[in-house]
Amino acid sequence: MNIGWMAWTPVTAAFFVFIALMLAGMTVWQIVSPSIARRGFLPIVTTRGDRLFISLLGSAYIHLAWLGLTDLAVWIATVISVAFLVTVMRWG
């Protein structure tokens, strides 16, 4: 299997490791303390996993928009994405 065409960097690897660790943590959290569906500021009833998925999807869009529309450093988009994730997970 040749994966030389992929642009793997340490940052890319760290990103996927972080996502894997977050999913493993959410799985353990779900087993220990099952989530209860609730309604926050999002217009749908969501569980903890739903809010994580929405947060990850939104963070991807934030980064894509950032890369397409600005020339500023990407870490600023990462800070915005983390704030978005915390907001959706807490009040979404």
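User: In what order do the elements run from the N terminus?

Analyst: The elements run α-α-α from the N terminus on. There are three helices and zero strands. Both are DSSP runs numbered from the N terminus, helices being H or I with at least four residues and strands E with at least two.

User: What kind of model is this?

Analyst: This is a predicted model, where local features need pLDDT of at least 70, side-chain atom pairs count only at pLDDT 80 or more, and totals for chains, interfaces and linings use all residues. Residues are numbered from 1 along each chain as its sequence is written, and side-chain values use heavy atoms, with hydrogens and water left out.

User: What radius of gyration does the protein have?

Analyst: The protein has 16 Å, while a compact globule of 92 residues would have a value near 12 Å. The radius is taken over C-alpha atoms, and the globule rule is 2.2 Å times the number of residues to the power 0.38. Along the principal axes, the C-alpha atoms fill a box of roughly 45 × 35 × 20 Å.

User: How much of the protein is buried?

Analyst: Buried residues are 18% of the 92. Buried means under 20% relative accessible area, exposed over 50%, and partly exposed in between, with a 1.4 Å probe and protein chains only.

User: Is S55 buried or exposed?

Analyst: S55 is buried, because its relative accessibility is 0%. S55 sits in helix α2, residues 48-69.

User: Which residues is S55 in contact with?

Analyst: Leaving aside neighbours within four places in sequence, S55 is in contact with F84, L85, V88 and M89. Contact means heavy atoms within 4.5 Å.

User: Changing topic: which residues make the nonpolar surface patch?

Analyst: W5, M6, W8, F15 and F16 make a nonpolar patch of about 610 Å². Nonpolar side chains (Val, Leu, Ile, Met, Phe, Trp, Tyr) are joined within 5 Å, like charges within 9 Å. Areas come from the Shrake-Rupley method with a 1.4 Å probe; for residues, only the protein chains shown count as cover.

User: And where is W5?

Analyst: W5 lies in the segment before α1 (10-32). W5 is exposed, at 68% relative accessible area.

User: How many aromatic pairs are there?

Analyst: The whole structure has one aromatic pair. F15 and F16 form that pair, edge-to-face, at 5.2 Å centre to centre with 80 degrees between the planes. Rings of Phe, Tyr and Trp (its six-membered ring) pair if their centres lie within 6.5 Å; planes under 30 degrees apart count as stacked, over 60 as edge-to-face and the rest as tilted.

How values were computed:
Patch = residues over 30% accessible without salt bridge, like charges linked within 9 Å, V, L, I, M, F, W, Y side chains within 5 Å. Salt bridge = Lys/Arg side-chain N within 4 Å of Asp/Glu carboxyl O.
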